[in-house]
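Hi,

Here is the structure I promised to pass on. Please open it first, then read the notes below.

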Amino acid sequence: MATINVSKKYTVKEKTYLPAILIGMKITMKRFLQGFLLRKHDTILYPEKKRDYSDRFRGMHFISVDKNKTENCTACYLCETVCPAECIHIVADERDEDQNPYGVKKEKKPVSFDIDSLRCCFCGFCEEACPKDAIKLSTNYELAVSSREEAIYDLDHLKREMNGRSEK
Ligand code: SF4
Ligand code: SF4
C-alpha cells in the first residue's frame with residue numbers, strides 16, 4: 001500500500017522561530033507602552049476597584065424587607081416549588097397580626113428560609129415566581145466562602161433593605 005509523506009520541510013526562519021518571537025515581542029511592547037504611558041489597562045485592581053455589572057446580572061440572593069424591617073416573604077413556597085436545583089428550604093408559621101405587612105389576617109411568615117448557594121444555578125426562577133417581590137437576585141458577585149456551611153444562606157443573611165436589585 002502506498003504511503004503519503006506529509007512531513008514538511010522547514011525554512012531556516014521557521015526553524016529559529018524568529019518571526020514568531022518578534023511578533024510576540026511587538027505585541028508585548030505595545031501592551032506595555034499602552035499601560036505604562038497611556039495608563040490603558042484591560043485589568044483592574046480588584047478588590048480595591050470593582051466592575052459594574054449589568055442590572056440583569058444574577059448574583060447573591062436577598063429577601064427584601066419593608067420599612068419596619070419585616071421580610072416581604074409570606075412563605076407561600078412558590079420559589080421552593082419552582083427551584084430546579086431544589087436548594088430552597090422554607091419552614092412556615094403564622095405571622096402575628098401586628099407584624100403583618102399586608103394587613104391580611106392569618107398571613108404566614110418564614111420561620112426559617114435557607115438557600116444552598118452551592119447547589120443554586122442562578123436561573124432566577126425563584127425571583128420570577130415570587131408574588132411578593134420578596135426574593136431577588138442581587139448584582140453582588142462576591143460569593144466566596146471558606147466552608148460549605150457558610151454557603152447556606154439563612155434568613156438573617158438574606159434579609160436586606162434593597163433598592164431594586166441593589167443593596168441600599
Ligand atoms: S436562582 Fe434558580 S436554582 Fe437558584 S434558588 Fe432560585 S430557582 Fe433555585
Ligand atoms: S420568597 Fe416569595 S415565592 Fe418564596 S416563599 Fe416567600 S413570598 Fe413565596
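**What was found**

V91 stands opposite S112 in β3. This is a predicted model: local features need pLDDT of at least 70, side-chain atom pairs count only at pLDDT 80 or more, and totals for chains, interfaces and linings use all residues. Residues are numbered from 1 along each chain as written, chains are lettered from A and ligands numbered from 1 in written order, and side-chain values use heavy atoms, without hydrogens or water.

Start with the sheet. Strands (E, at least two residues) and helices (H or I, at least four) are DSSP runs, numbered from the N terminus. Two strands pair if DSSP finds at least two bridges between them. Strand β2 (residues 88-94) and strand β3 (residues 108-116) pair in the antiparallel sense over seven bridges. β3 also pairs with strand β5 (residues 152-153), antiparallel, over two bridges. There, D116 has I152 in β5 as its bridge partner.

Next, a helix. α2 spans residues 18-37, which is 20 residues. From first C-alpha to last it reaches 28 Å, close to the 28 Å expected at 1.5 Å a residue. (The expected span is 1.5 Å times one less than the number of residues.) After α2 comes R39, with a positive phi near 55 degrees.

Now the ligands. Which cavity does ligand 2 take up? The space it takes is the largest cavity. Ligand 1 sits in the second largest cavity. A cavity is a set of points, on a 1 Å grid over the protein atoms alone, where a 1.4 Å probe fits but cannot get out. A molecule sits in one if more than half of its atoms lie within 2 Å of its grid points.

Residues around ligand 2 include C73, Y77, F113 and C130. (Near means a heavy atom within 4 Å.) Its shell has 11 nonpolar residues, one polar and no charged. Ala, Val, Leu, Ile, Met, Phe, Trp, Tyr, Cys and Pro count as nonpolar, Asp, Glu, Lys and Arg as charged, and the others as polar.

Of the 13 residues around ligand 1, C83, C120, C123, G124 and C126 come nearest.

Best wishes

Notes:
1 Å grid on protein atoms, 1.4 Å probe; cavity = no way out; pocket = protein on both sides within 12 Å on 5 of 7 lines; lining within 4 Å.
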